[in-house]
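Reader: Could you walk me through this model, one question at a time?

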Amino acid sequence: MPDLSNEEVHALGRSVGLDIQEPELTQVGYSLNAILEAMASIDVPGSNSVEPLPLILHSPEVQDES
């Protein structure tokens, strides 16, 4: 898997509500790419036969201040 670019890391951050800017963007990119590389080397027998569960995030309640 090719490394994620800074633009891709920025887009991933924005997708979860983070606006990552330089110089942190480069550091987050290095860390994220290292994590993805390490995870790619993990092979647990039988793990590919398990159906993943969806991740459900609850948004904070919006309070009416009127």
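Reader: Where is P23 found, and what kind of peptide bond joins E22 and P23?
Author: Happy to start there: P23 is found in the loop between helix 1 and helix 2, where helices are DSSP runs of H or I with at least four residues, numbered from the N terminus. Most peptide bonds are trans. With omega about 0°, the bond that joins E22 and P23 is cis.

Reader: Before we go on, what kind of model is this?
Author: This is a predicted model, in which local features need pLDDT of at least 70 and side-chain atom pairs count only at pLDDT 80 or more, while totals for chains, interfaces and linings use all residues. Residues are numbered from 1 along each chain as its sequence is written, and side-chain values use heavy atoms, with hydrogens and water left out.

Reader: At what angle do the axes of helix 1 and helix 2 cross?
Author: Axes here are lines fitted to C-alpha atoms over the stretch in contact, with angles from 0 to 180 degrees between N-to-C directions. Those of helix 1 (residues 6–15) and helix 2 (residues 24–40) come within 9 Å. The helices are roughly perpendicular (65 to 115 degrees), as their axes cross at roughly 90°.

Reader: Which residues of helix 2 make the contact with helix 1?
Author: Contact means heavy atoms within 4.5 Å. Helix 1 contributes N6, V9, H10 and L12. From helix 2 come L25, T26, V28, G29 and L32.

Reader: Which residues of helix 2 are buried, and within what arc do they fall?
Author: L25, G29 and N33 are buried (under 20% relative accessible area), and helix 1 is included in what covers them. On the other side, Y30 and M39 are exposed (over 50%). Taking directions from the helix axis to the C-beta atoms, the buried residues line one face of helix 2, because they fall within an arc of 65°.

Reader: How far apart in space are N33 and L4?
Author: N33 counts as buried because its relative accessible area is 12%. Leaving aside neighbours within four places in sequence, N33 is in contact with D3 and L4. N33 and L4 are 29 residues apart in sequence, and their C-alpha to C-alpha distance is 6.5 Å.

Conventions:
Helices (H or I, at least four residues) and strands (E, at least two) are DSSP runs, numbered from the N terminus. Angles under 35 degrees count as roughly parallel, over 145 as roughly antiparallel, 65 to 115 as roughly perpendicular and the rest as oblique. Buried means under 20% relative accessible area, exposed over 50%, partly exposed in between (1.4 Å probe, protein chains only).
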